[in-house]
Amino acid sequence: MEKNLEEIFQSRIDREEKIEPKDWMPDDYRKTLIRQISQHAHSEIVGMLPEGNWITRAPTLKRKVGLMAKVQDEAGHGLYLYSAAETLGVDRDTLFEQLHSGKAKYSSIFNYPTVTWADIGAIGWLVDGAAIMNQVPLCRCSYGPYARAMVRVCKEESFHQRQGFEILLSLSQGSEEQKRMLQSAVDRWWWPSVMMFGPSDDDSPNSAKSMKWKIKRFSNDDLRQKFVDVCYEQAKVLNVTLPDPDIKWNEERGHYDFGLIDWEEFWQVIKGNGPCNKERLAARNKAWDEGAWVREAAMAHAAKRKERSNKKKVA
């Protein structure tokens, strides 16, 4: 019986039908989605931290407003995604506990520091650019709530990428000091952004199953290649050099070849040994503890509203 259900489930996937929360699904499909969606949600929330500390230091009022809007967008993305994860039967408090204890993972990119204002632009151009490469295919994910949440997320991420590119473009037309600051930021963020797509396909144990279930549509390496191809051309507009002497056009492949990735650095950051891992988790735990009174007040207010509503029904 179980095997028959799995065959029916896979046939629905193959027909591009959306799987909804009350539909039957294999336990591994549910677990894979909870892992991926929760990691995505955690990444949006932790991703507020590298940029949030630049809101008060942004160079102009326009930049402050733009950055504040972006950080608010990221908070919203996290909430959409936590809501999508909850449809799979996982409690949101459980997800928060996993993040705050260090058990849950989030994108390795957010464990790097933002040293100058140019880093904010580099995050927009490179980090959000890589995110878009990853996330646009998720709008066609086989799980309905995740796919629908990603439509708005991708629209806003696209704006964030253009915002970051515009910051860097302004710097590229500025003083020599600003141009050096721009190049330095690109040097810092290029390789961590390339790593954002995850381990190579040979070392990614979940990829094959995720692609069979059409949770993922493209492999890590295919998305990474597309990212390099696009960024190399955009770097010409910014008049910056990508910090990889091995990048060159391969006529036969129709793509840019690029250098070896330092996977040791990637895995060290994943294991909690990145430049800002401890700082990020400390900030999240502090925010959670200091926000306890807000959550308690909201729950008390909701209970009172429910009580008043019940009294009116009785009357």
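Trp263 is partly exposed at 22% relative accessibility (between 20% and 50% relative accessible area, with buried under 20% and exposed over 50%; 1.4 Å probe, protein chains only). Phe266, at 5%, is buried. The model is predicted, so local features need pLDDT of at least 70 and side-chain atom pairs pLDDT 80 or more, while totals for chains, interfaces and linings use all residues. Residues are numbered from 1 along each chain, and side-chain values use heavy atoms, leaving out hydrogens and water.

**Aromatic pairs**
- The whole structure holds 14 aromatic pairs (ring centres of Phe, Tyr or the six-membered ring of Trp within 6.5 Å; planes under 30 degrees apart are stacked, over 60 edge-to-face, the rest tilted).
- The rings of Phe197 and Phe227 form a tilted pair, with centres 5.3 Å apart and planes at 55 degrees.
- This pair ties together parts 30 residues apart in sequence, because Phe197 lies in the loop between α8 and α9 and Phe227 in helix α10.
- Phe197 is buried at 3% relative accessibility, and Phe227 is buried at 1%.
- Trp263 and Phe266 pair edge-to-face, their centres 5.3 Å apart and their planes at 90 degrees.
- Both residues lie in helix α11 (residues 263–273), three residues apart (helices are DSSP runs of H or I, at least four residues, numbered from the N terminus).

**Charges over rings**
- The charged end of Arg57 sits over the ring of Trp54, 3.9 Å from its centre (for Arg, CZ within 6 Å of the ring centre and within 35 degrees of the ring normal).
- Arg295 likewise places its charged end over the ring of Trp288, 3.6 Å from the centre.

Definitions and conventions: Helix = DSSP H or I, 4+ residues; strand = E, 2+ residues; numbered from the N terminus.
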